[in-house]
Amino acid sequence: MRLILEEQEKALTQSDLFEFEKIFRRPFPEGFKSFYIDNNGGYLPENNSNPFLLGGFIAIKYGNVPAEKTYQSLINSFSELKEMVPFA
């Protein structure tokens, strides 16, 4: 079953992901990169049953509040989150 997300942002390139990895100074798992190549952020359809109460995924690079901005905001307020990647 393929995950379908609504309101995705502009598609990412491998170069976009490489730049995002540089922020965190480490490579991401191939599954994470593959997911973001296929789905750059977005939300589950409202009619989808969601047992995890997942609101959606944060886009990388594009959109009003991409993961890069979310990350900066989080670490400015909570320095202990510095090594964590905001994605959902």
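The model is predicted, so local features need pLDDT of at least 70 and side-chain atom pairs count only at pLDDT 80 or more, while totals for chains, interfaces and linings use all residues. Residues are numbered from 1 along each chain as its sequence is written, and side-chain values use heavy atoms, with hydrogens and water left out.

**Two helices and their buried faces**

Helices here are DSSP runs (H or I, at least four residues), numbered from the N terminus. Buried means under 20% relative accessible area and exposed means over 50%, with partly exposed in between (1.4 Å probe, protein chains only). The table shows the buried residues of two helices.

| Helix | Buried residues |
|---|---|
| α1 | Asp16, Leu17, Phe20, Glu21, Phe24 |
| α2 | Phe32, Lys33, Tyr36 |

In α2 the buried residues fall within an arc of 95 degrees, so they line one face of the helix. The arc is that of the directions from the helix axis to the C-beta atoms. Here is a handy rule: an α-helix has 3.6 residues a turn, so residues three or four places apart point the same way.

The face of α2 turned away from its buried side carries the exposed residues Glu30 and Gly31. Just after α1, Arg25 takes a positive phi of about 55 degrees.

**How α1 meets α2**

The two helices pack at an angle of about 130 degrees, with their axes 10 Å apart. Axes are lines fitted to C-alpha atoms over the stretch in contact, and angles run from 0 to 180 degrees between N-to-C directions. Contact means heavy atoms within 4.5 Å. From α1, the contact is made by Gln14, Leu17, Phe20 and Glu21, and from α2 by Phe32, Lys33, Tyr36 and Ile37.

Take a look at Lys33, which lies in helix α2. At 14% relative accessibility, Lys33 counts as buried. Not counting residues up to four places away in sequence, Lys33 touches Leu17, Glu21 and Phe28.

Tyr62 lies in the loop between α2 and α3. Its C-alpha atom is separated by 6.0 Å from that of Glu9, although Tyr62 and Glu9 are 53 residues apart along the chain. Leaving aside neighbours within four places in sequence, Tyr62 is in contact with Glu9, Lys10, Ala11, Leu12, Asp16 and Asn40.
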